[in-house]
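I want to look up a sheet and a few helices here and jot down what turns up.

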Amino acid sequence: MIRIEDNVIALETEHTGYYMYQRGALMENLHYGRKIHVDAEAMREKMDTGYGTDVVYDKEENPLSLLHLCLELSPQGKGDFRQGALELSNGNGSMVNDFRFLSAEKQEGSMPPKGMPGAYGGEETLLLHFENTYGVQATLYYTVYPDCDVITRRMEICNQSKEQIVIHRCMSYQLDLPRTGYELTTFTGAWARERHETKVSLETGTHAFGSRTGVSSHYCNPFFMVTEKSATQQSGNVYGFNLSYSGSHCGQVECGPYSKTRIQAGIQADGFAWTLQPEESFSTPEAVLTFSHEGKNGMSIHMHRFVQEHIVRGVWKKKERPVLLNNWEATYFDFKESKLLKLAKEARKLGIELFVLDDGWFGERNDDTRGLGDYMVNTKKLPDGLSGLAKKIHAMGLDFGLWMEPEMVNPDSELYRAHPDWAVLSPGIAPSLGRNQLVLDLCRTEVQDYMIQQVNRTLASADLQYVKWDMNRPLTDCFSPALCEQGRFAHAWTLGLYRVLNEIVEANPKVLFEGCAAGGNRFDLGMLSFMPQIWTSDDTDAYERMKIQTGTSYGYPQSVMGCHVSAVPNHQTTRTTPIETRFDVAAFGLLGYELDLTQVSSAERKVIAAQIAFYKTYRKLFQYGTFYRMQSPFEQQEQCAWAVVSEDKKQALVLEAMGQLQPNSETEPFRMMGLDPKQKYRITSREQMIDIRCVGSLINQVLPVKVDSAGILVHVAADHYMLPCEKEEYTAYGDLLMEAGLQQKQRFMGTGYNEHTRMMPDYSARIYVLETVD
């Protein structure tokens, strides 16, 4: 709901309120947080005699100084010495911009920016109009999504002056909070360790973060939080922020000299310049803001609902996703059709539903040094082409999917030899390669057109149900002859990408697209507006995935996270984790397998078949249940616990996972979250198995004869038999499980073993099923 009453504007969702006050030519922020009864006189900043060294902006209203106000848009060069959201040069070169409030209006529904992805299904949109002395207009957009306690924001600049202007900095929003003492949490990392939780205590000064890579990046995701220092997963005030944008971005939090905190984010300002001629306009990407007084989980629930209801769209919105097998780590580039069909046959036996052919199916693509860009089928590998392979896969009862990397080109390719000018290159400078490839120039319309035609032609050539869209390097050597000013490059390239994605997705509405960029290098709301899921990370190691998926869950629901079970030792870390742990962690997302199923033991086949059957039984709950972080591996070292709870709270699935075991230690009562305190639940452990070799020579303590624990006999036995884990079953009310916690059976501590002992070596996990009982 949006109300404009006298000089007060109120934007309210189910639980939150955003309140502003027109203070002459300024718009003052009164409060953003829990919904309240607003009173401007009680809440506006008081300045009766001023403060030392203040610059007086308006002497008509006492000694009004900008530096002490919480502002929606700051005049530039007029005494607000904090970083503003907007910086531009006017036609005469002046960078002084006294943007003064003109009017407010509201319109029905959402108003996303043109040419960029945005949310849909909003209730109302507020427009605040400002103008500077020369006639340049700035409009702030606020759209309210009451069902998930979200407000989106963006800014639009329209040059109504008589001369050209140059925009140097244009953030999507500026939010001023009337206090300090917060903690900033960003989600940082690199390839194979994306979105780790990074906390900074905010003191006086500025903390800046973001990406300069041309993509949203694994170095720093666009999502971040600002929290009270005392906030926990379940309590305390938490603000969440994100961008519907896939390019270079920046965010910053500034604690000023007078107990105010300024938060802003948007397009990366470094190197940015955008000239507007008279009558031209420019829009920022859309930003997403939310607040919860119920801790970090409360904030995440808002963000998850928003993504599921207002970002993801098309036929796959809220639709259950198939269990897939991807051939990449089974074969890499070395495959022929016969090998693929053997993998698919084994996959079908185990209950897998979708077979995905990864890199290496086209051109001379036998390694990563050549062929990228030449999407003509390699008939030496696939003699009947994609169409022939698809028919054979479908005949087995499987859907068929394909990997592509349309935005890139190898210098050793027919495409590059025909169009070397289509690659991103700076004149006279030898280009820097990433994974032996260059980036195609999406600032050029003819390159966009070629890419659209090439992808649509490939998708039409075979009966495909799924596409994995990859992008394996950042942007460097940024220059495009299509641009009149190179300060536009990063944003113009991203706009070109959005046009390509929009046309391809619209032309193929039934295809399930999964975004990928060297794993999680472009995991953002912009991509999710076109592709309903994203490959979370190239790292499939279960222990590292506990961290990656925990970090990702703060801003994104598990229903968009691609999660695979792979072979051990893991190909990214060489770590060995139990096959049940690999499933337990991957199940809290969109399940897939990525290993050579023709090489797994008969015992592992039985385990995998049971895993897939279990996942299918609870697939809707795994993918769309309300997600709770009960223990974070960033807060409780070596411990991780998640839960997904049905909307009616009658079912829940709970993960308990660990890193390295602490010897001879008790476990605390296992406290759960999100349950109905008045409901009684039956709690049962999922039937899991453990490799008999994990106990080593201790096996001789239970066998009637002595064996060599490293010998051939034990290895042969392990190929056919796995040891059942302990069984646990309880009934208890939700209040007990959430407040007191469940006392589980004792873990193995080296003092003895029986059928009740929880054998949990390093990197073990368990899943518990909770269902209400009468």
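I started with an open sheet of 6 strands, in the order 31-32-33-38-34-37, with antiparallel pairing. For my own use: strands are DSSP runs of E with at least two residues, helices are runs of H or I with at least four, and both are numbered from the N terminus. Two strands pair if DSSP finds at least two bridges between them. Strand 31 (626-631) and strand 37 (729-733) are at the edges with a single partner strand each, so one side of each has no neighbour in the sheet. On average, neighbouring strands of this sheet are turned by 20° against each other, direction ignored.

Before going on, a note on what I'm looking at. This is a predicted model, where local features need pLDDT of at least 70, side-chain atom pairs count only at pLDDT 80 or more, and totals for chains, interfaces and linings use all residues. Residues are numbered from 1 along each chain as its sequence is written, and side-chain values use heavy atoms, with hydrogens and water left out.

**Strand 31 and its partner.** I found 5 bridges joining strand 31 to strand 32 (residues 639-645), and the two run antiparallel. Threonine 626 stands opposite valine 645 in strand 32. Helix 11 (residues 579-586) packs on the sheet, touching strand 32, strand 33 (651-658) and strand 38 (765-773). Its direction makes about 50° with that of strand 38 (axes are lines fitted to C-alpha atoms, for helices over the stretch in contact, and angles run from 0 to 180 degrees between N-to-C directions).

**Helices 4 and 5.** How do I describe two packed helices? By the angle between their axes and the distance between the axes. The axes of helix 4 (residues 337-350) and helix 5 come within 10 Å and cross at roughly 25°. Helix 4 and helix 5 are therefore roughly parallel (angles under 35 degrees count as that). I noted the contact (heavy atoms within 4.5 Å): Glu337, Leu340, Leu341 and Ala344 of helix 4 meet Leu389, Lys392 and Ile393 of helix 5.

**Helix 7.** Which residues of helix 7 are buried? I listed Val447, Gln448, Met451, Ile452, Gln454, Val455, Asn456, Thr458 and Leu459, where buried means under 20% relative accessible area with a 1.4 Å probe, protein chains only. Their cover includes helix 5 (385-395), strand 23 (399-404) and helix 8 (489-507).

**Helix 10.** Last entry: helix 10 (residues 542-553) has 12 residues. I checked its cover, and 12 of its 12 residues are buried.

How values were computed
Buried means under 20% relative accessible area, exposed over 50%, partly exposed in between (1.4 Å probe, protein chains only). Angles under 35 degrees count as roughly parallel, over 145 as roughly antiparallel, 65 to 115 as roughly perpendicular and the rest as oblique. The expected span of a helix is 1.5 Å times one less than its number of residues.
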